[in-house]
Amino acid sequence: MSDSGHDGDSPVIGRRTLAVVALLAVGAVVLWLVRPLLHGVVYAVYSTPVALLALVGAVVVYALLTRWSLGETLTRRGITGADGIGIPIQGAVVAFVLLFLVLSIPAGYLAGEELGKRTLQESETVDGLAESDAENPRIVPQSVATRYASNTLNFPQYRIGGSDVTVYNGTPHWSYPLSPDGTFNYFTKRQHGTVLVDMTEKSARVRTVTGDLDRGIGTAFYNNYRWKLLRQGQYLVNYQDPFMVVDDGEQYIAVPYTKPNFHWTPLPHTTPEWGGVALVHEDGTIEDLSPSQARDHEALADQRLYPFDLTRRSVAATKYRNGIVNTFTSHEGEIEVAPVPGEDNDQPFTVMSDDGLDYVVAVEPYGEAQGLREVWTVDARTGEYERLAVEESLLGPRKATDFVRQAARTTDWDRFDPSEPIPVVVDGTFYWEVRVVPNDSSGISYIAFVNAETSDVTEVETTREVSAFMRGEAPRPGDGDGTGSDTGRIPTVVVQRVAENGTVISEMEVYGNESVRIVQGNRTGS
């Protein structure tokens with residue numbers, strides 16, 4: 001009977017096995033097809049190797065609990081069958097979660113220290129910054145450019161997407177994808193083009209390049225660049241924010257990416273490093289370019305290539321230069337990336353200098369101090385770091401905006417805000433260029449240059465005045481717009497009150513058509 005019963009069960013067991021195998025196969029196919037949706041979780045696990053230690057610990061806990069559950073201890077307590085099997089599984093899951101959380105914290109600090117020390121070792125210490133490019137000044141802040149782009153948009157079925165910096169015809173621009181607007185259009189239309197806002201002109205200079213992209217930004221997944229990248233490009237990399245490139249009438253989506261660099265001692269951890277650039281063509285074709293290939297690619301000539309996020313993370317990680325423990329105790333030599341005002345646009349800032357396209361990051365000492373500690377410049381095409389250590393006392397970006405507020409005699413600061421202070425070097429002198437914009441970002445009221453050493457503030461209003469200042473020429477009222485009108489921002493006379501020992505006690509600036517009246521004192525008879 002037992003033999004016949006066993007033979008009778010074999011087909012049933014076989015069918016169950018086939019069903020399980022078929023189900024697993026179908027599940028694997030589904031997971032493979034929807035793998036772009038799982039990328040965040042998969043990459044997080046892949047780039048966190050401490051999970052391997054947690055998994056080993058969970059297996060050990062499972063083995064111990066399994067041996068225990070099959071022994072006499074659980075039997076005496078009346079725990080048998082499914083309960084005895086469930087306890088080892090539950091214990092293993094709890095052990096994995098706890099070990100992962102406990103080990104991830106020190107592994108994260110080790111990763112930060114590794115990245116910071118590597119950044120310092122691979123950077124070059126310089127004595128000064130490159131002169132700013134006076135012909136390509138960065139004038140328009142991100143928030144104002146977004147307003148300009150929206151105000152000039154005349155496509156009812158489309159909207160502008162997220163902004164980024166691109167170089168068009170040799171001039172830096174804010175670029176925006178022209179993405180479908182509304183639920184119906186989101187599922188039925190492709191990206192329709194690119195909106196470019198000239199960063200070097202105070203007034204709104206907007207250009208729209210039209211043409212549907214087979215795989216674009218802000219579209220449904222079947223028309224989206226990222227979905228195709230994660231299916232046909234590299235999968236185990238971290239794709240950064242995309243930006244639009246317009247070259248010879250053709251549109252491209254450039255996506256820099258990083259990949260993890262694995263370290264196994266004293267705890268497994270990873271640090272990010274630049275992996276390359278994925279270039280998506282209008283027809284959806286993908287080119288996976290190494291850093292050197294990206295620099296040599298014709299469509300990416302003069303474009304920024306190095307990832308923004310990697311720049312900020314690398315500079316911020318240098319706070320561990322004196323060790324992890326120092327950041328919890330004395331904070332000796334510790335730095336922090338300076339927070340700056342600017343409507344959700346933070347450092348690094350992209351600027352043009354005599355050396356080309358650079359990212360700049362200003363850092364302050366840790367804590368309440370607002371002086372300038374270091375200025376980092378990163379070649380936006382090669383990723384080469386340079387560090388200027390500030391020895392003398394210089395204003396940081398936050399304090400510079402305070403001096404702009406103090407210097408403005410008529411500005412209503414309830415209606416205007418200083419925005420995006422960026423470093424500018426003119427004839428070897430370090431300035432902070434601060435744009436003063438209305439609260440609604442509808443335009444630019446004026447631009448203030450703050451001398452980081454003396455705190456002197458020079459206010460200009462027009463593009464020509466900005467360029468003149470950056471060329472080292474003293475801008476004159478009325479020179480900027482060609483109308484001969486008086487801007488009232490540049491002093492024509494400076495009256496100084498001087499003590500007997502030659503010390504300047506106070507200054508008075510005389511603007512435009514104002515005059516100076518000197519009245520002889522009658523109390524002392526002088």
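A: By class, 13 nonpolar, eight polar and seven charged residues line the second largest pocket. Nonpolar here means Ala, Val, Leu, Ile, Met, Phe, Trp, Tyr, Cys and Pro; charged means Asp, Glu, Lys and Arg; the others, Gly among them, are polar. This is a predicted model, where local features need pLDDT of at least 70 and side-chain atom pairs count only at pLDDT 80 or more, while totals for chains, interfaces and linings use all residues. Residues are numbered from 1 along each chain as its sequence is written, and side-chain values use heavy atoms, with hydrogens and water left out.

The lining has 28 residues, and Ser163, Asp164, Asp241, Arg304 and Phe308 lie nearest the pocket centre. The volume is about 560 Å³. A pocket is an open set of points on a 1 Å grid over the protein atoms alone, where a 1.4 Å probe fits, with protein on both sides within 12 Å along at least five of seven lines; lining residues have an atom within 4 Å of a point. Grid points are joined across faces, edges and corners, and the volume is the space filled by probe spheres set on them.

Strand 3 (164-168), strand 4 (171-180), strand 8 (243-247), helix 10 and strand 13 (349-353) each give two or more residues to this lining. Strand 4 gives the most, with four residues. Helices (H or I, at least four residues) and strands (E, at least two) are DSSP runs, numbered from the N terminus.

Now the charged pairs. There are 15 salt bridges, each a side-chain nitrogen of Lys or Arg within 4 Å of a carboxyl oxygen of Asp or Glu. One of them joins arginine 321 to glutamate 374, at 2.7 Å from N to O. Arginine 321 is in the loop between helix 10 (308-316) and strand 12 (335-337), and glutamate 374 is in strand 15 (residues 374-379), so this pair ties together parts 53 residues apart in sequence. Glutamate 374 is buried, at 3% relative accessibility. Buried means under 20% relative accessible area, exposed over 50%, and partly exposed in between (1.4 Å probe, protein chains only).

Arginine 215 and aspartate 214 also form a salt bridge, at 2.9 Å from N to O. Aspartate 214 is partly exposed, at 22%. In another bridge, the closest N and O atoms of arginine 471 and glutamate 473 are 3.3 Å apart. Both ends are partly exposed: arginine 471 at 39%, glutamate 473 at 40%. Shared partners join Glu135, Arg471 and Glu473 into one salt-bridge network.

Next, the rings. The whole structure holds 17 aromatic pairs. Rings of Phe, Tyr and Trp (its six-membered ring) pair if their centres lie within 6.5 Å; planes under 30 degrees apart are stacked, over 60 edge-to-face, and the rest tilted. Tyrosine 306 and tyrosine 385 pair edge-to-face, 5.9 Å centre to centre, with 85° between the planes. Tyrosine 306 lies in the loop between helix 9 (291-296) and helix 10, and tyrosine 385 in strand 16 (residues 385-389), so the pair ties together parts 79 residues apart in sequence. Both tyrosines are buried. Elsewhere, Tyr43, Tyr46, Phe262 and Trp264 form one aromatic cluster.

Charges also sit over rings. Arginine 35 lies over the face of tryptophan 32, at 3.8 Å from the ring centre. The rule asks for NZ of Lys or CZ of Arg within 6 Å of the ring centre and within 35 degrees of the ring normal. The charged end of arginine 405 sits over tryptophan 413, 5.0 Å from the ring centre.
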